Amino acid sequence: MKDSGATVSQLALLQQKLHSAKAALDEVNEDRHAKLQILLQFISHLSLACKGQNLELDNKLAKLRHNLNTFERVDEALPELVDVERLLKGQYYNAMVQLEESRACLTRVIRQLQRVKSAPEKLKKEINYFKQDLDKPFHTLWEYIPKVKQIIGFYETILQQQFGESEKLDVQPKHQQLAHELAQMVSEIEFRKDQREQVLQIKEVLASEVEIDCLLDAYHTILALLLDNIAREKSASQEFLFALNDALAAVREVVSESYNRNQRSFLLKAQLNREINTYVDNVGEAIIETEDIVALKAQLTTQLSSIRSTLSRKEALEQRDQALLLKSMETMRKELNELSYEANTYKERLFEQQKLNLLDSLTQLPNRAALEERMDMEYRNYQRHKTPLWVAIADIDHFKAINDSFGHSTGDKTLQVIAMALKNSLRESEFVARYGGEEFVLLLPDVAPADIAQLLNRVREKIKNIPFKFKNQRITVTVSIGAAQVIGSELINETFERADAALYKAKHESRDRVVIDV
Ligand SMILES: Nc1nc2c(ncn2[C@@H]2O[C@H](COP(=O)(O)OP(=O)(O)OP(=O)(O)O)[C@@H](O)[C@H]2O)c(=O)[nH]1
């Protein structure tokens, strides 16, 4: 009984010990788990921090993270941790080498920046300080990044300064002047119908405050259009030359064929002539030698029949020659007709082109080149007959205001209407050209000095009375006119200058008037 009581109490003690041991084991397990979790978290953060720097290190850390969940004890991870440590050490070494290289690179960049002479003085000083700072090595990436930011800042300041300067270039008057000259040139060139819309748009652009880019674009487009026209002209000339060449080759072939045939025919005819002569000789001999009249008759009949047959062969040959000659002539005539047609078309094209070259494309009035030709002609007439000759210059008043208020294309239409009115107010023998912009030149022969003012005032009034309506607004457009007569032996250019001075006077005497230089 006593034994069984002791056994029971021993069992209870053992149970208690077992219980304590189990509790201790649980505690150890928990501790292991907690440590593994801490290690796992540390590895995860390390992975994030090192991500992308070294592929081997990235893979190792990912594998370690995965394995840590399966390890019983932290020590099991030790070999892998040693591996990671080795890679980390290598990585640190690499990072230091890279940082040193980057520092050398920044030093090169800063030397370049020091060479920018236009940089502001304050910036130059900052760059010098920065360079001195760069002499000390970097220990971490965090020292390097702010330096890069600072260099970008220097670049930004320099770029902004240079950009500002280039913007100033856009508004320089010389570019505005170039735009104006280009617009003037474009007005004097004849473009094809399908190009005119594009040219009009370019003129609109050039008339406004043009920027360098737009100006360059305009030059580029105009050049491209001109080159296209030249290429077309060239290919038209080439086509004509090819046609000419083909026709000449055909004619040459016909001529040489005909020559060869002629040679052969000449030899054949000589042969036939020789035959005929032999027959005639035979007849002669027979007459002398043959006494018997019957035999003579028979011989003569034979010889005459031979002569007849040879003559008819000769006639056939001549007929064939004639037919072939006619055929050759016909072929040549056709070729020459075609050639003459081609030449006429080409001539017409050239003539049209020449005519176009003398016409102002906007107003369809003669242009400056045509004016010069006509001035020469009228001046020669003046020198020969000493009849009066006037030069008048008409300039639209405040035309810029029309462009500015209603747009360039309204300005263009106004120019067209006024050009037409000027043309219609002159006689057949008189001449008007668009001199450029809003200026027109009139050449008036055979007008007596007493009549000139009345004539020009009639023209001025006619333009003033044109009922212009822009944007529903009635607008009166006026012109000022200056005129001068060619006197004595002065050159017509001198007369032109006097007319121009008179126009200047008209403009200064409140415009809408005619001033005659006397
Ligand atoms: N629409 C259009 N405008 C043109 C053309 N050629 C020149 N111009 C413009 O004509 C205007 C001429 O201006 P200004 O020389 O100042 O003369 P204005 O405004 O007529 O003034 P005054 O002659 O002094 O009365 C400029 O604005 C030119 O751009 C053209 O072909 N079409």
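Predicted model: local features only at pLDDT ≥ 70, side-chain atom pairs only at ≥ 80, totals over all residues.

Modeller: In α12, the residues that come out buried are Gly411, Thr414, Leu415, Ile418 and Leu422. Buried here means 20 or more other C-beta atoms within 10 Å of the residue's own, exposed means 12 or fewer, and partly exposed is in between, with C-beta atoms placed from the backbone. Helices (H or I, at least four residues) and strands (E, at least two) are DSSP runs, numbered from the N terminus.

Colleague: OK, the ligand. Which residues are closest to the ligand?

Modeller: Asp397, Phe399, Lys400, Gly411 and Gly437 are the closest, out of 18 residues that surround the ligand. Near means a C-beta atom, placed from the backbone, within 6 Å. The elements that give two or more residues to that shell are β1, α11 (399–406) and α12 (408–424).

Colleague: Which element gives the most to the shell?

Modeller: α12, with 4 residues.

Colleague: How does the shell divide by residue type?

Modeller: 5 nonpolar, 6 polar and 7 charged. Ala, Val, Leu, Ile, Met, Phe, Trp, Tyr, Cys and Pro count as nonpolar, Asp, Glu, Lys and Arg as charged, and the others, Gly among them, as polar.

Colleague: Let's do the strands. What does β3 pair with?

Modeller: β1 (residues 389–396) is joined to β3 by 7 bridges, antiparallel, and β2 (residues 431–436) is joined to β3 by 5 bridges, also antiparallel. Strands pair if DSSP finds at least two bridges between them. Leu442 in β3 stands opposite Ala392 and also opposite Val432.

Colleague: How many residues of β3 are buried?

Modeller: 5 of the 7 in β3 (residues 439–445), so β3 is largely enclosed by the rest of the structure.

Colleague: What about the turn between β2 and β3?

Modeller: β2 and β3 form a hairpin with 2 residues between them, and Gly437 in the turn has a positive phi of about 50°.

Colleague: Switching to α2. Which residues of α2 are buried?

Modeller: Leu57, Lys60, Leu61 and Leu64. Those buried residues fall within an arc of 95° seen down the axis of α2, so they line one face of the helix. Leu55, Asn59 and His66, on the other side of α2, are exposed.

Colleague: What does Leu61 touch?

Modeller: Not counting residues up to four places away in sequence, Leu61 touches Ile43, Leu46, Ser47, Cys50 and Val84. Leu61 has 24 other C-beta atoms within 10 Å, so it counts as buried. Leu61 and Glu80 are 19 residues apart in sequence and 8.9 Å apart in space, C-alpha to C-alpha.

Colleague: How about α7, which residues are buried there?

Modeller: Val199, Ile202, Lys203 and Leu206. They fall within an arc of 105° seen down the axis of α7, so they line one face of the helix. Asp194 and Glu197 are exposed on the other side of α7.

Colleague: Last one, the whole chain. How many helices and strands are there?

Modeller: The protein chain has 14 helices and 7 strands. Buried residues make up 15% of its 518 residues. Among contacts between residues at least 6 apart in sequence, 66% join residues at least 24 apart.

Methods: Residues numbered from 1 in each chain as written. Arc of directions from axis to C-beta. Contact = placed C-beta atoms within 7 Å.
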